[in-house]
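Please keep the sequence and the 3D view at hand while reading.

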Amino acid sequence: MQGFGTTIFAEMSALAVQTNSINLGQGFPDTDGPPELLEAAVAAIRAGANQYPPGPGIPALRAAIADHQQRYYGLDYDPDAEVLVTAGATEAIAAAALALTEPGDEVVLFEPYYDSYAACVALAGARRRTVTLRREGSGWQFDPAELRAAVTDRTRLLILNSPHNPTGKVFTAAELQIVADLALERDLLVLCDEVYEHLTFDGRQHVPLATLPGMRERTLTVSSAGKTFSVTGWKIGWLCATPELVSAVRTVKQFLTYVNGAPFQPAVADALGHITKDVAERLQYQRDLLCDGLAELGWDVVRPQATYFATVDVGSDAVAFCRDLPHRAGVVAIPSSVFHDSPAGDRHVRFAFCKRPEVLAEALTRLKGLR
């Protein structure tokens, strides 16, 4: 783990406190989830759901996850053999990387990538190879030839994050088919991080890779209640895959957290049957508020198709810009370069818009003097 010291998130959050800045760096909402979800957790605590739950997750939650996958995507999973509840999506990704790769194996990532991916690959003793998402106009694209070149005889796993953090990209059906064709040709497993699946904008629909022909058998699909219901601190995630793959991941997971979130599990089980578009609609409004405001101030903004985040090209060293921004304007952001192996993100900054409108408006007021 050399090289994986204090994260940029911890550094920038500490700087936000020191400078009394508005923190648009870390991606968590500043409002609570649905009241009925919170009350369900309270009721579960009072009803005695305070001891270890079953290792794979409580049966009601596993059944609700399987029902969710069928209802939204037509994917059939056996809740007893093909669903695993985890301590957030992060643990699911870590356990999968540890279970399915060996020292010397290679893992292909799209960069910019969520920072835990690189750490999980390192913990497994594997080596990461990256394929860059490059800005093209108002969106982000990858070169299929670059993806193909990244896969070698040592490649075991490909990690796909869609909807994508930090760019907000939703991979198209054509792009997913490119990934699927390569996975089938080269006999790869694909770990799909889909935590923002219900937070897409402008009428876009998320398509799980596992729905493509031949991909259910080689795809591990990961998601979480944290983003869908705005309860990121609950850390209730899950993984869906074939019995063999789930068994491998569960074998590792039991020696990580073992279990977690006993009173949150029944609350999430109930909530999965009542997902609304309220959170996505609110986030789209907040996205437009921030992106329109930044654009009016002269910033070069890439409007996201999903997630919590917008990217700005600041035209200079993003790390230096972000370290200076709290002192200059009282606002905190994250340099996208920390999500890259290449220099492709050196000028890009990530702003989180999952904050109340009045907070975003104040941040824009503070930023007025910078352009």
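Which residue stands opposite Leu-158 in β7? Val-108 does.

## Basis of the model

The model is predicted: local features need pLDDT of at least 70, side-chain atom pairs count only at pLDDT 80 or more, and totals for chains, interfaces and linings use all residues. Residues are numbered from 1 along each chain as its sequence is written, and side-chain values use heavy atoms, with hydrogens and water left out.

Helices (H or I, at least four residues) and strands (E, at least two) are DSSP runs, numbered from the N terminus. Two strands count as paired if DSSP finds at least two bridges between them.

Strand β3 (residues 106-111) is parallel to β7 and joined to it by 4 bridges. Strand β8 (residues 189-193) also pairs with β7 in the parallel sense, over 5 bridges. Within β8, Val-190 is the bridge partner of Leu-158. From β7 the chain passes through helix α7 (residues 173-186) to β8, a right-handed β-α-β crossover. Right-handed means that, with the strands pointing away from the viewer, the path from the first strand over the helix to the second runs clockwise.

## An open antiparallel sheet

An open sheet is formed by 4 strands in the order β11-β12-β15-β14, with antiparallel pairing. Its edge strands, each pairing on one side only, are β11 (300-302) and β14 (334-335). Between β11 and β12 (residues 309-313) there are 3 bridges, and Val-301 has Val-312 in β12 as its bridge partner.

Helix α12 (residues 318-329) lies across β14 and β15 (348-352), at about 40 degrees to β15. Axes are lines fitted to C-alpha atoms, for helices over the stretch in contact (heavy atoms within 4.5 Å); angles run from 0 to 180 degrees between N-to-C directions.

## The chain as a whole

The chain has 13 helices and 15 strands. Its radius of gyration, taken over C-alpha atoms, is 20 Å, close to the 21 Å that the globule rule (2.2 Å times the number of residues to the power 0.38) gives for 371 residues, so the chain is as compact as a globular protein of that length.

The C-alpha trace spans about 55 × 55 × 40 Å along its principal axes. Of the 371 residues, 56% count as buried.

Note on methods. Buried < 20%, exposed > 50% of the residue type's maximum accessible area, 1.4 Å probe, protein only.
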